[in-house]
Amino acid sequence: DAARESADDFTRRMDAQEAAPELSIAPGDKKVVGSLVRESAEEGAAAMAEEIAARLKLEEEAKAAAASKEEAAKAEAAAISKQRQRQDSMDDEAEAAKEAEERAAKKAAAAAAEAEKAAEEAEKAEKAKALWKQAVEKVDINSIGFMALKQMLISKGVPPDAVKVPNKFMLKEVAAKHGVNIEWS
């Protein structure tokens, strides 16, 4: 019945009915449909926030691992240097020093390669984070809640001080000002 609901409202009602089949949603019942759509948007935002937190944690761990490997390589190089000084004083063990030096150089090269690999992984994590911030997200301004929209903008990189506005339409302006990729409907 076109008088009771539009085609868009019908589609939203069918999506809400699919999400909560235990409810009987009548045509034109925008309150129930809106609450179900809002809940699913909030759940999606929470899942994205958890995914970003996990990526940031992996990135920090990769950086810490790279730093510890570099420190170990430096300590090993210092030990080799001390050993080389001792070996230089002993003419009999010149060959042993060269072999130890070669082994240490190989270990240092391997540690440097691992540190480089960890740095590349950290860079990939940063790129993934940047891509997520640039991802276009579809938002229905009439059905999303004010706080859910505010949290989504903060998770997309808008400073928390910038989202201190009184209504959703001003949040829409803040998103445009900060270059957040959102498709409004």
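Lysine 138 is exposed, at 66% relative accessible area. Exposed means over 50%, buried under 20%, and partly exposed in between (1.4 Å probe, protein chains only). The residue lies in strand 1 (residues 137–139). Its C-alpha atom is 7.3 Å from that of serine 185, although 47 residues separate lysine 138 and serine 185 along the chain.

This is a predicted model: local features need pLDDT of at least 70, side-chain atom pairs count only at pLDDT 80 or more, and totals for chains, interfaces and linings use all residues. Residues are numbered from 1 along each chain as its sequence is written, and side-chain values use heavy atoms, with hydrogens and water left out.

**Overall fold**

The protein chain has five helices and two strands. Their order along the sequence is α-α-α-β-α-α-β. Helices (H or I, at least four residues) and strands (E, at least two) are DSSP runs, numbered from the N terminus.

Of the 185 residues, 25% count as buried. The accessible surface of the chain is about 12700 Å², and carbon and sulfur atoms hold 53% of that surface. These areas come from the Shrake-Rupley method with a 1.4 Å probe. Among contacts with a separation of 6 or more, 49% join residues 24 or more positions apart. Contact means heavy atoms within 4.5 Å.

**A loop residue**

Proline 27 sits in the loop between helix 1 (7–19) and helix 2 (30–89). Proline 27 is partly exposed, at 32% relative accessibility. Glutamate 5 is 22 residues away in sequence, and the two C-alpha atoms are 6.3 Å apart.

The two C-alpha pairs are set out here.

| Pair | Sequence separation | C-alpha separation |
|---|---|---|
| Lysine 138 and serine 185 | 47 residues | 7.3 Å |
| Proline 27 and glutamate 5 | 22 residues | 6.3 Å |

**Helix 4 against helix 5**

Two packed helices are described by the angle between their axes and the distance between the axes. For helix 4 (residues 146–155) and helix 5 (residues 168–177), the axes come within 10 Å and cross at roughly 10 degrees. Axes are lines fitted to C-alpha atoms, for helices over the stretch in contact, with angles from 0 to 180 degrees between N-to-C directions. Helix 4 and helix 5 are therefore roughly parallel, a term for angles under 35 degrees.

Phe146, Leu149, Lys150 and Leu153 of helix 4 meet Lys168, Leu171 and Ala175 of helix 5. By class, this contact has five nonpolar, no polar and two charged residues. Ala, Val, Leu, Ile, Met, Phe, Trp, Tyr, Cys and Pro count as nonpolar, Asp, Glu, Lys and Arg as charged, and the others, Gly among them, as polar.

Conventions:
Angles under 35 degrees count as roughly parallel, over 145 as roughly antiparallel, 65 to 115 as roughly perpendicular and the rest as oblique.
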